[in-house]
Amino acid sequence: MAGKLMQAVLYDCYGGGPAGLKHVEVPVPTPSKGEVLVKLEAASINPADWKIQKVTDVAGEVLEVGPGVENFKAGEKVVAMLSSLSLTVPRPPEVSAAEGAALCIAGLTAHQALTQSAGLKLDGTDPQMNILITAASGGVGHYAVQLAKLGNAHVTATCGARNVDLVKSLGADEVLDYQTPEGAALKSPSGQKYDAVIHCASSAPWSTFEPHLSAKGKVIDITPGPGAFATYALKKLTFSKKQMVPLLLNPKGENLDFLLTKEGKLKTVIDSKYPLSKAEDAWAKSIDGHATGKIIIER
Ligand SMILES: NC(=O)c1ccc[n+]([C@@H]2O[C@H](COP(=O)([O-])OP(=O)(O)OC[C@H]3O[C@@H](n4cnc5c(N)ncnc54)[C@H](OP(=O)(O)O)[C@@H]3O)[C@@H](O)[C@H]2O)c1
């Protein structure tokens, strides 16, 4: 590949927003030891991308492998979270590049929240739990609803009015419009007390969740602010049975494999697709905060 050029989207400072992205041509890199060179087919946008200005979720075809790489070969279709070979996994043929890229951060966060934090096994043996999923129409939330149903949970979900039918179609047992008083209060229409809340909407105070939790209910907050960390510490120090669990994604290749092989059962809702030449529009759409499902960039 030496000497060849490829299209790239670059930024050269933080905080420039979509207008800070520049379309340039750069030399095609040569994979070093333990690296693979992947030709991009699709990338998925997450809020983290514009918050820390780094796109991580991609799917594509291996063009070249570096020294010491034995588990991949040229021509193989893969899904990867940049930039770690341990987070590069084969893409099954039944999963499109867009679906594969979409599953990375969003699917892994939903999986970690439900398994590591809420304790589900997702292997058909889970006892029924009552789970609330907020922002269930978003990238993380729409996978969380489907995974929670795989784990036998009764799912209450929140989303905007326009997405209530969609979220029901993903399996939610009851859905609240977050712009109604009941929705803002997170109160289950059937009076369920939640064993776990997967909180994907923006930060909310503990007092919003507390009245609706079961005796050992947990709030798994994927958007934790300082208040969530303070509540976490307070609940630990006071040996409270109800807990706050701030979540930071710890991505694992084996979990990405699990999600890709569950793809037959997991539907990826695609909000919109943009060509690489319009990557800044994809960012702007994500910054707007009203995506239904995932935003995809395709070559
Ligand atoms: N901790 C971690 O490691 C981690 C990992 C992944 C994501 N996150 C964070 O988790 C959050 C969700 O990520 P995402 O990718 O799912 O975001 P997203 O796809 O951008 O979420 C957008 C969706 O959220 C809905 N929504 C917004 N406010 C809501 C509310 N108060 N109640 C119910 N629904 C609401 C919107 O509905 P409307 O359009 O109807 O308003 C829209 O459908 C982001 O802040 C992200 O940074 C954290």
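The exercises below concern a predicted model and are each followed by a worked solution.

Residues are numbered from 1 along each chain as its sequence is written. Because the model is predicted, local features need pLDDT of at least 70 and side-chain atom pairs count only at pLDDT 80 or more, while totals for chains, interfaces and linings use all residues.

**Exercise 1.** Find the partners of strand S3 (residues 36–45) and state how they pair with S3.

*Solution.*
Step 1. Strands (E, at least two residues) and helices (H or I, at least four) are DSSP runs, numbered from the N terminus. Two strands pair if DSSP finds at least two bridges between them.
Step 2. Strand S4 (residues 57–65) pairs with S3 in the antiparallel sense, over 8 bridges. Strand S14 (residues 294–298) is also antiparallel to S3, with 4 bridges.
Step 3. Take alanine 43 as an example: its bridge partner in S4 is valine 58, and its bridge partner in S14 is isoleucine 297.

**Exercise 2.** Why is S3 described as largely enclosed by the rest of the structure?

*Solution.*
Step 1. A residue is buried if 20 or more other C-beta atoms lie within 10 Å of its own, exposed if 12 or fewer, and partly exposed in between; C-beta atoms are placed from the backbone.
Step 2. In S3, 7 of the 10 residues are buried, so the strand is largely enclosed.

**Exercise 3.** Describe the open sheet of 6 strands.

*Solution.*
Step 1. The strand order is S9-S8-S7-S10-S11-S12, and the pairing is parallel.
Step 2. Strand S9 (174–177) and strand S12 (243–246) are at the edges; each has a single partner strand, so one side of each lacks a neighbour in the sheet.
Step 3. From one strand to the next, the twist averages 15°. Angles run from 0 to 180 degrees between N-to-C directions, and axes are lines fitted to C-alpha atoms, for helices over the stretch in contact.
Step 4. Within the sheet, strand S7 (residues 130–133) and strand S10 (residues 194–199) share 3 bridges in the parallel sense. Isoleucine 131 has alanine 196 as its bridge partner in S10.

**Exercise 4.** Which residues and elements surround the ligand?

*Solution.*
Step 1. Count a residue as near the ligand if its C-beta atom, placed from the backbone, lies within 6 Å of it.
Step 2. The ligand is surrounded by 30 residues, the closest being Gly138, Gly139, Gly160, Tyr178 and His290.
Step 3. Two or more shell residues come from each of helix H1 (47–52), helix H2 (97–117), helix H3 (139–150) and strand S8 (154–159).

Methods: Near = placed C-beta within 6 Å.
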